[in-house]
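Here is a friendly walk through one protein model, helix by helix. Keep the sequence and the 3D view open beside you as you read.

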Amino acid sequence: MKLKKQSVQLIVLLVSILYFYLLVKIILFKFGSPDLSFLLGQLRRLAENPGRLLRGLELGNLVPGYTIRQNIDHLSNGTDKLNFFGNIALFVPAGILIRIGLGRRLLLAVLISFAVSLGLEVSQLVLSIGTFDVDDLILNTSGGLIGYVLIRMAEALDAPFRRREQEEKQASSAPRLL
């Protein structure tokens, strides 16, 4: 049983690493390859002119709900639909992996989803490779919450079957009196 649990943990770890790699690739590099010399150049330019950070914040969205309302108002537009649903969908696996891998509670799943999203948003800002959007934090965190709730629902649906299997196993291994 211990070997099975270790195998599951290893698989979850490997899937989590792959997921995080894909998340960074999608959010920061828009499916492209990271160019290390470009990124170092962006950091050098930021160090030479820290005002770029403020200009980057001005170009982004710091008003909660603003981008979400725009996306909802224009769901027929493919870009707005992708931005709205994509930001949620990208983090659903995070909630699932947090529950399976860490077995943690809802609050921690929300906090980890928020922290990862914040890290990615700040990276976009610092590296000037995207805009900081507070609504992305809301949508990403919501995706993590949805993933967590989905896996908890699956666990709840599976619980009676597991209980029955355990009872049958115990009954078959109990000594029989004749």
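Let's begin with Gln 42, which sits in helix α2, residues 36-48. Helices here are DSSP runs of H or I with at least four residues, strands are runs of E with at least two, and both are numbered from the N terminus. This is a predicted model, in which local features need pLDDT of at least 70 and side-chain atom pairs count only at pLDDT 80 or more, while totals for chains, interfaces and linings use all residues. Residues are numbered from 1 along each chain as its sequence is written, and side-chain values use heavy atoms, with hydrogens and water left out.

Is Gln 42 buried or exposed? Gln 42 is buried, with a relative accessible area of 6%. Buried means under 20% relative accessible area, exposed means over 50%, and partly exposed is in between, using a 1.4 Å probe and protein chains only. The side chain of Gln 42 makes a polar contact of 2.7 Å with the side chain of Arg 45. A polar contact is a pair of N or O atoms within 3.5 Å; within protein, one must be able to donate a hydrogen and the other to accept it, and residues adjacent in sequence count only if both atoms are side-chain atoms. Leaving aside neighbours within four places in sequence, Gln 42 is in contact (heavy atoms within 4.5 Å) with Arg 52, Leu 127 and Ser 128.

## The loop between α1 and α2

Two residues in the loop between α1 (2-29) and α2 are worth a look, and Lys 30 is one of them. The phi of Lys 30 is near 45 degrees, a positive value in a residue other than glycine.

Phe 31 lies in the loop between α1 and α2 as well. Phe 31 is not a glycine either, yet has a positive phi of about 75 degrees. With a relative accessible area of 61%, Phe 31 is exposed.

## Helix α5

Helix α5 covers residues 78-89, which makes 12 residues. From its first C-alpha to its last, α5 reaches 15 Å, close to the 16 Å expected at 1.5 Å a residue; the expected span is 1.5 Å times one less than the number of residues. At the start of α5, a side-chain oxygen of Asn 77 reaches to within 2.7 Å of the backbone nitrogen of Thr 79.

Which residues of α5 are buried? They are Asp 80, Phe 84, Gly 86, Asn 87 and Ile 88. These buried residues pack against α4 (66-73), α6 (92-102) and α8 (134-173). Leu 82 also lies in α5, but Leu 82 is exposed, with a relative accessible area of 63%. Leu 82 and Leu 28 are 54 residues apart in sequence and 16 Å apart in space, C-alpha to C-alpha.

## Where α4 meets α5

α4 and α5 pack at an angle of about 130 degrees, with their axes 8 Å apart. Axes are lines fitted to C-alpha atoms, for helices over the stretch in contact, and angles run from 0 to 180 degrees between N-to-C directions. The two helices α4 and α5 are therefore oblique to each other; angles under 35 degrees count as roughly parallel, over 145 as roughly antiparallel, 65 to 115 as roughly perpendicular and the rest as oblique. The contact is made by Thr 67, Ile 68, Gln 70, Asn 71 and Ile 72 of α4 and by Asp 80, Asn 83 and Phe 84 of α5.

Asn 71, found in helix α4, counts as buried at 2% relative accessibility. Not counting residues up to four places away in sequence, Asn 71 touches Asp 80, Asn 83 and Phe 84.

## α7 and its partners

The axes of α6 and helix α7 (residues 106-127) come within 10 Å and cross at roughly 130 degrees, so α6 and α7 are oblique to each other. Here Ala 94, Ile 98 and Leu 102 in α6 meet Ala 109, Ile 112 and Ser 113 in α7.

α7 also packs with α8, at an angle of about 145 degrees and with axes 8 Å apart. Among the α7 residues that meet α8 are Leu 106, Val 110 and Phe 114. Leu 107 is in helix α7 too, and is exposed, with a relative accessible area of 61%.
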